[in-house]
Amino acid sequence: MRIVAVSLTMFLLTSTKQICAQSRLSLWYDKPAAEWVEALPVGNGHIGGMVFGRVEEELVQLNESTLYSGGPVKQQVNPDAFQYLPRIREALLKEQDYSKANELARKMQGYYTESYMPLGDLLLKQSLNGRTASAYHRELDLQTATATTRFTVDGVEYTREVFCVAPANVMVIRIRSSVSGAIDLSVALKSPLRYRLSAKGNNELIISGKAPAHVDPSYYNPKDRQPIIYEDTTGCNGMRFQCRVRAITKAGRITADTSGLHVENATDLVLIVSAATSFNGFDKCPDSEGKDEQAIAAALIGQAAKKSYAVLQQEHLKDHQRYFNRVSFIVKDTGAAANTNRVLSTDKRLKAYSGGAYDPALETLYYQFGRYLLIASSRPGGPPANLQGIWNKELRAPWSSNYTININTQMNYWPAESCNLSEMHTPLLQWLKALSVTGARVAREFYHANGWVAHHNSDIWGCANPVGDLGAGDPVWANWYMGGNWLCQHLWEHYAFTRDKKFLAEAYPVMKQAALFSLDWLVKDSSGYWVTAPSTSPENKFRDEKGRAQAVSVATTMDMSIIWDLFTNVIEASEELNTDQSFRNQLIEVKKDLYPLRKGSQGELLEWYKEFAETDPQHRHVSHLFGLHPGRQISKNNTPEFFAAAKKTLEIRGDAGTGWSRGWKINWWARLLDGDHAYKLIRQLLNYSGADGKGGGGTYPNLFDAHPPFQIDGNFAGTAGMTEMLLQSHLGEIHLLPALPLAWKEGTVKGLKARGGFTVDIQWAGGKLSKATITATTDGVCRIRNNRGFLVNAVPAKQEGVDFVLSVKMKKGQQYIVLPPAGK
């Protein structure tokens, strides 16, 4: 009986710990990670780490956000490209020979982008003499941004904590034992890149190396070609890097040699990790013009080592929580299995959810995980989050872990403004300035056009040309011309949310130059409409009149919708800044004659210039719905015909897709004001995809998005989509609970941002608004919409159609309470 009682007590204690872990918004597991997509991510926008939580041989896989292959983009890559443009237009507009246009498009390609590199592995080999660990627990606490591993061996409890401090720009690892002098371990560093290892003093380990001069994409493998090239005769390509680890302990002994650091009889050990590269900007040779990475890494670790662990931890918590704690999101769990769900480890909980379990707390955990990942991977002063955020272990990462700007990079930043993380948006906004410089060269060289252009792929160097190694790329993805135009939407969105006119004045020239390229790119068709030719719809194909699959066409709906959006934003920016009236008027006139949206025979929104047959009716890209989201061209009240067509399009496309595709569909259904269908897609996005990726698109055990393989954009799209279900503001008004699903009967969300400069808190019960608080960050008129009647300061809303609407003059710093009428 005593054994049973002790076991029950231990179970209850363990269960209590696990329930507390979930209440703290944490991912937790009862075993170490066996695969990378089971490990837990930490980061500060500069250093990234994947923590495996192993017992005797811990692995922390390291990344540094600027560590890329290559160097500044080459100029005069394809000086003959322009001569093919008139021939393509003739083939498309006169001959309607799409095969000919496709082959000519290949002749207008440049080189592939460079690749994001892994930094290395930090290995901790702990001497446990083969003894078995018990009471194992590992977790990632989102509120403290700390990965913790805890286990017991022969009555000694060992605890490891890992976090990345943004102010100090270092990673900190603390290892503790409950018994004095019980820590014996070695610390090793290695890298898949070329490097040399050295030791400094008796407590510091250093790896110094150099990235390749060029790395081909993993999908590009021509015969007799070396995909990874280190040698560079120009003295330009191939950035240098350095990573340092210093061990600190008050008790015990530390020694260092080229095999690593060796720690004996310690009780409390702190490891500080710094990393730096010679990257000195998109236009500087990282070798001959690079920064001194050794001096930077040494200074960072030296300054951090002067501070105690407690101070570093305090700096970390203050910095992280300043951003993370701005937003809270809670849905009341009305199910009978709420407590059971909380006792399950995150992987088991995800499996149960995939099997149909009701678990709104897992949904809100996923939501906050998306916000956590953006804070961890995108910080002011650093590069934008790439296709894998900042976490990559591959020398030839999937799709080069670069910036795929035909959807994925933009998707990374959908939650930035609405989820109250504007600061995390700035790396993308700053990088756009560099991209516009290289993009201007490409516009001149490839098309003899003004302004700037970017295509479907880019990197830290601002690659802007159509990729494809001078003809090896398939035009279905390589020859797409709207990347720069779409990215300019982010400049306008940042202003729309913050109302920062100084920022808008700085951003306007970049937006204008993109519009100038579009004016040069547009040509008139036989009906007098402005069209794009050539034109593609990202990664999708149609069948021509002879039944052949084709990619290159005229005026795809996505092209025209992006240009409509860009022109609209530039016009409004010009009005806000009270400048450039003549250019504004020019855009207004051209915008009137842009090739319009059109419906097909099934009532769907057409994707192509003509009603071509689809090669894949359920294709993962549904790019022609750009005007619904993230654009604002299509809405229920302004364009009801095309609003219905967009819905029909999604019904035909179906709900299947990869992780990120499902994420975009959540946003579309939210914009269609159908919360239940959006919620259905949330459940599909959180479909458990095993660590082997064989579970299809969805979510890995560590909640990373499974394309598969891992792409971080699906995480960000999921978080953004949930926000769109709760709050929309893209139509010049605050729409409260526009797409609330039946599954979220009661809940609260606090700290969301709305365009116009407003912070919004919302409470609801029984599927109805209970209360909303709107705080103005600037003076202005706020138009509020809800599907039920409401009051603001005793003033009732007026009914417009099925909704209720009220415009309120608001003052900066004031709060305004939205309540339902008494008794409602």
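Colleague: Is the crossing of α13 and α15 left-handed or right-handed?

Modeller: This is a predicted model, in which local features need pLDDT of at least 70, side-chain atom pairs count only at pLDDT 80 or more, and totals for chains, interfaces and linings use all residues. Residues are numbered from 1 along each chain as its sequence is written, and side-chain values use heavy atoms, without hydrogens and water. A crossing is left-handed if the near helix is turned anticlockwise from the far one by less than a right angle, and right-handed if clockwise. That of α13 and α15 is left-handed.

Colleague: At roughly what angle do the axes of α13 and α15 cross?

Modeller: Helices (H or I, at least four residues) and strands (E, at least two) are DSSP runs, numbered from the N terminus. Axes are lines fitted to C-alpha atoms, for helices over the stretch in contact, with angles from 0 to 180 degrees between N-to-C directions. The axes of α13 and α15 (residues 557-577) come within 9 Å, and the crossing is at roughly 35°.

Colleague: How many nonpolar residues does the contact of α13 with α15 have?

Modeller: Contact means heavy atoms within 4.5 Å. From α13 the contact includes W486, W492 and Y495, and from α15 it includes M558, I562 and L566. Ala, Val, Leu, Ile, Met, Phe, Trp, Tyr, Cys and Pro count as nonpolar, Asp, Glu, Lys and Arg as charged, and the others, Gly among them, as polar. Three residues of this contact are polar and three charged, and the nonpolar ones number nine.

Colleague: Which element gives the most to the lining of the largest cavity?

Modeller: On a 1 Å grid over the protein atoms alone, a cavity is a set of points where a 1.4 Å probe fits but cannot get out, and a pocket is an open set with protein on both sides within 12 Å along at least five of seven lines; lining residues have an atom within 4 Å of a point. The largest cavity has 16 lining residues, with Y413, W414, E493, F497 and R755 nearest its centre. Elements giving two or more residues are α10 (414-418), α13 (483-498), α18 (659-671) and α20 (713-726). With four residues, the most comes from α13.

Colleague: Which element supplies the largest share of the lining of the second largest pocket?

Modeller: This pocket is lined by 29 residues, with A496, R499, G732, R755 and G756 nearest its centre. At least two residues each come from α13, α15 and β34 (780-786). By class, the lining has eight nonpolar, ten polar and eleven charged residues. Five residues, the largest share, come from α15.

Colleague: Which element gives the largest share of the lining of the largest pocket?

Modeller: Of its 28 lining residues, T66, F279, G381, G382 and P383 lie nearest the centre. The lining has 13 nonpolar, twelve polar and three charged residues. Two or more come from each of β18 (268-277), α4 (293-305) and α11 (422-447). The largest share, five residues, is from α11.

Colleague: How far apart in space are W391 and I712, C-alpha to C-alpha?

Modeller: W391 sits in the loop between α8 and β20 (403-404). Its relative accessible area is 0%, so W391 is buried. W391 and I712 are 321 residues apart in sequence, and their C-alpha to C-alpha separation is 9.3 Å.

How values were computed. Buried < 20%, exposed > 50% of the residue type's maximum accessible area, 1.4 Å probe, protein only.
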